[in-house]
Amino acid sequence: MMASTTIRGARLHYRVEGEGDPLLFIHGYPLAGQLWDEAVGELRADHRCIVPDLRGHGASEATERVTIADYADDLIGILDEIGEGGPVTLIGLSMGGYVAFDFVRRYGERVAALALVDTRAAADSADAAAGRRETAERVLREGSGFVAAEMATKLFASGADAPLREEWRQIMAATPPLGVAAALHAIAERPDSYPVLEALKVPVLIVVGAEDSITPPDEARRMQALLPSAVLEIIPGAGHLPPVEQPEAFTAALRRFLR
Ligand code: MLT
């Protein structure tokens, strides 16, 4: 089912597929819900898969200023809309992981388990945050195209197919400048989530592409070091986007965790 709903001033798009224990898939920046298509195609056989486009991404309307907490509140709005009041498993990639940390911190009773995919618990350095704010200004002046072109070179493992890179370059280039800029500010302002990570009481899976250059395997190991009960899965032949680069290995890792 494809649907949209107005939450706090923006028309937000999402889809819901399958029946069973609920999974909430949270994509990264400046991506869209399609990131999860292959995983959802498999997991919908025995799960209720909830796949939003975050505010200002994909088909969801952009608003000017957004925080990571706003994205989490939007997700609560969608869950309420579809009557999913009980605990869900969060699967967050990169910025989706930052959103998941905020969701756990404020809505912990609604979280059954957590899969952290190609993400990190650390906040930005002052330099990194300043760089993001500069990029945000440039996106508002020049559009999303240059971000899409730069990201398309960084997101994937060295052996990635040209058509896959091109598909995602186009998706990113279609992300509205307002949405890209708002996400950059939100990411730059995010807090350190190590305290949230260390306090986690739910089962945790940590996944990372072996060739991820944006949130490298060392970030994943750093998180796992604080959560010895967490399972760490390193996906060979994947960069920052295992769900589309190595969908079978990625979905198999999720399945092992969900079982
Ligand atoms: C993402 O994929 O969501 C972003 O690359 C996250 C980041 O740059 O920190």
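Because the model is predicted, local features were required to have pLDDT of at least 70 and side-chain atom pairs were counted only at pLDDT 80 or more, whereas totals for chains, interfaces and linings use all residues. Residues are numbered from 1 along each chain as its sequence is written, and side-chain values use heavy atoms, with hydrogens and water left out.

Secondary structure elements are DSSP runs numbered from the N terminus, with helices (H or I) of at least four residues and strands (E) of at least two. Helix α2 covers residues 68–81, and its 14 residues should span 20 Å at 1.5 Å a residue, which agrees with the 20 Å between its end C-alpha atoms; the expected span is 1.5 Å times one less than the number of residues. The helix is mostly covered, with 11 of its 14 residues buried, where buried denotes under 20% relative accessible area, exposed over 50%, and partly exposed the range in between, for a 1.4 Å probe and protein chains only. The buried residues of α2 are Ile68, Asp70, Tyr71, Ala72, Asp73, Asp74, Leu75, Ile76, Gly77, Ile78 and Leu79. Asp80, which also lies in α2, counts as partly exposed because its relative accessibility is 46%.

Just after α2, Gly83 takes a positive phi of about 70°, and Glu84 is placed in the loop between α2 and β5 (88–93). Glu84 counts as buried because its relative accessibility is 12%. Apart from neighbours within four places in sequence, the contacts of Glu84 (heavy atoms within 4.5 Å) are with Pro22, Arg48, Ile50, Leu79 and Arg110. Glu84 and Arg48 are 36 residues apart in sequence, with a C-alpha to C-alpha distance of 9.9 Å, while Asp80 and Arg44, also 36 residues apart along the chain, have C-alpha atoms separated by 20 Å.

When residues up to four places away in sequence are not counted, Phe103 touches Leu24, Ala72, Leu75, Ile76, Leu79, Leu90, Gly108, Arg110 and Val111.

Pockets were located on a 1 Å grid over the protein atoms alone, a pocket being an open set of points where a 1.4 Å probe fits, with protein on both sides within 12 Å along at least five of seven lines, and lining residues having an atom within 4 Å of a point. Grid points are joined across faces, edges and corners, and a volume is the space filled by probe spheres set on the points. The largest pocket has a volume of about 430 Å³; of the 19 residues that line this pocket, Tyr29, Arg132, Met151, Lys154 and Ile214 are the closest to its centre. Two or more lining residues are given by each of α3 (95–107), α4 (126–142), α5 (145–154) and α7 (177–189), and α5 gives the most, with four residues. The lining of the largest pocket divides into 10 nonpolar, four polar and five charged residues, with Ala, Val, Leu, Ile, Met, Phe, Trp, Tyr, Cys and Pro counted as nonpolar, Asp, Glu, Lys and Arg as charged, and the others, Gly among them, as polar.

The second largest pocket holds about 170 Å³ of space and is lined by 17 residues, of which Ile68, Tyr98, Asp102, Arg190 and Pro191 lie nearest its centre. At least two lining residues are supplied by each of α2, α3 and α7, and α3 contributes the largest share, four residues. Nine nonpolar, two polar and six charged residues make up the lining of the second largest pocket.

Most residues other than glycine have a negative phi, and most peptide bonds are trans. A cis peptide bond joins Tyr29 and Pro30, with omega of about -20°, and Pro30 is found in the loop between β3 (21–26) and α1 (37–43). Arg8, in the loop between β1 (2–7) and β2 (10–17), has a positive phi near 45° and counts as partly exposed at 44% relative accessibility. Ser94 lies in the loop between β5 and α3, has a positive phi near 55° and is buried, with a relative accessible area of 9%.
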